[in-house]
Amino acid sequence: MTTPSDDILLEITAAGVSLRVAAIDAATGEEVTFIAPHGTAEAALARLARDKLAYVRARKAGAAPTPAAEPRPAPGRKGGRSIIA
């Protein structure tokens with residue numbers, strides 16, 4: 001089994017006023033996707049990708065995710081599974 005690495009490949013695609021971001025762990029090939037506002041800094045996108053990969057790994061392992069990786073509902077919404085930048 002391959003262990004997760006710090007190397008993340010980002011694919012950023014403009015979709016109207018948003019960015020669709022696909023992040024792939026270079027070692028494991030695990031992929032996550034999310035949508036971010038157009039104009040979000042690439043460093044912030046990389047941080048979000050790293051956090052989301054950590055969150056998905058923790059969920060798959062059955063461990064409780066760390067507070068920094070837990071999704072927060074968007075303001076004005078109840079529940080939700082979004083990660084707010």
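Which residues are linked in a network of salt bridges?

1. Asp25, Glu30, Arg57 and Lys60 form that network; a salt bridge is a side-chain nitrogen of Lys or Arg within 4 Å of a carboxyl oxygen of Asp or Glu. By this rule the count comes to four salt bridges.

2. On provenance, this is a predicted model, in which local features need pLDDT of at least 70 and side-chain atom pairs count only at pLDDT 80 or more, while totals for chains, interfaces and linings use all residues. Residues are numbered from 1 along each chain as its sequence is written, and side-chain values use heavy atoms, with hydrogens and water left out.

3. Arg57 pairs with Asp25, the closest N and O atoms being 2.5 Å apart. The pair links distant parts of the chain, with Arg57 in helix α1 and Asp25 in strand β2, 32 residues apart; helices (H or I, at least four residues) and strands (E, at least two) are DSSP runs, numbered from the N terminus. Asp25 is buried at 0% relative accessible area, and Arg57 is partly exposed at 24% (buried is under 20%, exposed over 50%, partly exposed in between; 1.4 Å probe, protein chains only).

4. Arg57 also meets Glu30 in a salt bridge (3.5 Å, N to O). Glu30 lies in the loop between β2 and β3, 27 residues from Arg57, and is buried at 15%.

5. Arg47 and Asp51 form a salt bridge at 3.7 Å between the closest N and O atoms. They are four residues apart in helix α1, so about one helical turn separates them. Arg47 is partly exposed at 45%, as is Asp51 at 22%.
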